[in-house]
Amino acid sequence: MSDDVERDILKIYEGSRPKEEELFETSNVNHVAWSLAALFALATIWLSIALVNAENQRHALATNQCPDMVFKSGFDKACLVTVRSRDHWWEHLWFGVANVRPAPHNVGK
């Protein structure tokens, strides 16, 4: 009789026992994919900053905003570092992305 009572009590508390497959916490997040996504996002931001700086200097050279005072055909390298050739950085980014190929100079000659 005591075995039946113990069996009944164990059946009552069976639901409170932890399941062995859920004892260790596992993550369903793919860490490699998220790491690659973050890496590509950082690389895109870094390359965008480089493109903005290069386009800023290219536009300053094209519009002759940094002439050299000593050599009239040259340009001032210190000025190129600090020049703002357009009003906003996104204008440089837009122009750099939209105009990938330069226009040919010898067309029709």
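Me: What should I keep in mind about the model and its numbering?
Reply: The model is predicted, so local features need pLDDT of at least 70 and side-chain atom pairs count only at pLDDT 80 or more, while totals for chains, interfaces and linings use all residues. Residues are numbered from 1 along each chain as its sequence is written, and side-chain values use heavy atoms, with hydrogens and water left out.

Me: Why is Ala78 called exposed?
Reply: Exposed means over 50% relative accessible area, buried under 20%, and partly exposed in between, with a 1.4 Å probe and protein chains only. Ala78 has 53% relative accessibility, so Ala78 counts as exposed. You will find Ala78 in helix 3 (residues 77–82); helices here are DSSP runs of H or I with at least four residues, numbered from the N terminus.

Me: What makes Asp4 and Arg7 a salt bridge?
Reply: The rule asks for a side-chain nitrogen of Lys or Arg within 4 Å of a carboxyl oxygen of Asp or Glu. For Asp4 and Arg7 the closest N and O atoms are 3.1 Å apart, so the pair meets that rule. Both residues lie in helix 1 (residues 2–12), three residues apart, about one turn of the helix.

Me: Why are Asp4 and Arg7 called partly exposed?
Reply: The relative accessible area of Asp4 is 44%, so Asp4 is partly exposed. Arg7 has 46% relative accessibility and therefore counts as partly exposed too.

Me: How do you know that Arg58 and Arg86 each form a salt bridge with Glu55?
Reply: The closest N and O atoms are 2.8 Å apart for Arg58 and Glu55, and 3.1 Å apart for Arg86 and Glu55. The second pair links distant parts of the chain, with Arg86 in the loop between helix 3 and helix 4 (89–98) and Glu55 in helix 2, 31 residues apart. Arg58 and Glu55, by contrast, are three residues apart in helix 2 (residues 31–62), about one helical turn. Together, Glu55, Arg58 and Arg86 are linked in a network of salt bridges, and the count by this rule comes to three salt bridges.

Me: What makes Cys66 and Cys79 a disulfide, and why is it called left-handed?
Reply: A disulfide is a pair of cysteine sulfur atoms within 2.5 Å. The S to S distance from Cys66 to Cys79 is 2.1 Å, so the pair qualifies. The torsion about the S-S bond of Cys66 and Cys79 is about -60 degrees, so the disulfide is left-handed. This pair links distant parts of the chain, Cys66 in the loop between helix 2 and helix 3 and Cys79 in helix 3, 13 residues apart. Cys66 is buried at 2% relative accessible area, whereas Cys79 counts as partly exposed at 21%.

Me: How do you know that the reach of helix 2 is close to the expected span?
Reply: The expected span is 1.5 Å times one less than the number of residues. Helix 2 has 32 residues and reaches 46 Å from its first C-alpha to its last, close to the 46 Å expected.

Definitions and conventions: Helix = DSSP H or I, 4+ residues; strand = E, 2+ residues; numbered from the N terminus.
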